[in-house]
Amino acid sequence: MSSMMHAGAPHDQYVPEDPALGTTIMAAAFDGGVILGADSRTSAGSYIANRVSDKVTYLTDSIYCCRSGSAADTQAIADICRMYTSMHSVQCGERPRVQTAANLLNLLAYNNKDHLMAGMIVAGWDPVDGGSVYSIPVGGGIFKQDWTIGGSGSGFIYGYCDAHWKASMTKQECLQFVRTAVSLAMSRDGSSGGVIRTVVIDSEGVTREMITDKDLPFRT
């Protein structure tokens with residue numbers, strides 16, 4: 001957390017200030033799976049702490065999450081969720097459902113809502129539900145959606161997503177939808193930037209890709 005001293009205050013009196021945390025994260029379902037996408041900029045106030053951070057985090061072989069908010073908070077609860085889903089898999093003898101991982105992350109976020117700044121998106125594929133996407137906002141709450149966006153950049157692209165989303169998209173159509181939306185947010189939001197990382201999850205497995213600055217659909 002950043003701190004600053006108010007004008008006129010004694011030199012040893014620092015007033016805590018909430019950090020300016022920004023990002024753009026997204027997930028969308030297509031016919032047969034899901035795609036997660038995120039920018040790579042981690043900021044601490046006006047300072048860019050990391051240009052190429054990875055905000056799409058592994059939970060299981062077929063479930064990933066996107067993280068927004070405090071990097072420390074979201075990394076911690078993602079690590080805890082990964083541990084418990086691994087234990088669940090061993091005990092049950094099968095891979096956990098996406099719904100199970102999402103409910104666990106929501107439980108962690110809600111029970112610690114006074115201490116965490118963590119907005120998460122959980123998405124993946126399982127044999128029961130196929131591809132599914134869950135949004136977990138800051139403070140907890142779980143919402144299953146066809147597509148969802150989060151972070152400071154999301155406010156710039158709701159109109160685009162509403163206008164261009166369509167049900168039963170092909171994998172390539174959905175990939176272009178996610179890449180274009182995140183790129184548009186990066187071009188407008190000062191707290192989003194860097195590269196775009198995408199993760200495609202379906203019954204065949206997981207494919208990770210990265211788009212660098214020169215290949216972005218929209219560039220400033």
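## Exercises on a predicted model

Buried residues (under 20% relative accessible area, 1.4 Å probe, protein chains only) make up 45% of the 220 residues in the protein. This is a predicted model: local features need pLDDT of at least 70, side-chain atom pairs count only at pLDDT 80 or more, and totals for chains, interfaces and linings use all residues. Residues are numbered from 1 along each chain as its sequence is written, and side-chain values use heavy atoms, with hydrogens and water left out.

**Exercise 1.** State how many helices and strands the protein has.

*Solution.* Take the DSSP runs, numbered from the N terminus: helices are H or I, at least four residues, and strands are E, at least two. The protein has 4 helices and 14 strands.

**Exercise 2.** Find which residues touch the most other members of the largest nonpolar core.

*Solution.* Start with the term: a nonpolar core is a set of buried Ala, Val, Leu, Ile, Met, Phe, Trp, Tyr and Cys residues joined through side-chain atoms within 4.5 Å. The largest has 23 residues. Met26, Ala28, Ile35, Cys161, Cys174, Phe177 and Val178 touch the most other members. Next, find the suppliers. Strands E3 (25-30), E12 (147-150) and E13 (196-202), with helices H3 (158-164) and H4 (171-188), each supply at least two residues. H4 gives the most, with 8 residues. A second, separate core has 18 residues, including Ile63, Val98, Leu108 and Met120.

Technical notes. Buried < 20%, exposed > 50% of the residue type's maximum accessible area, 1.4 Å probe, protein only.
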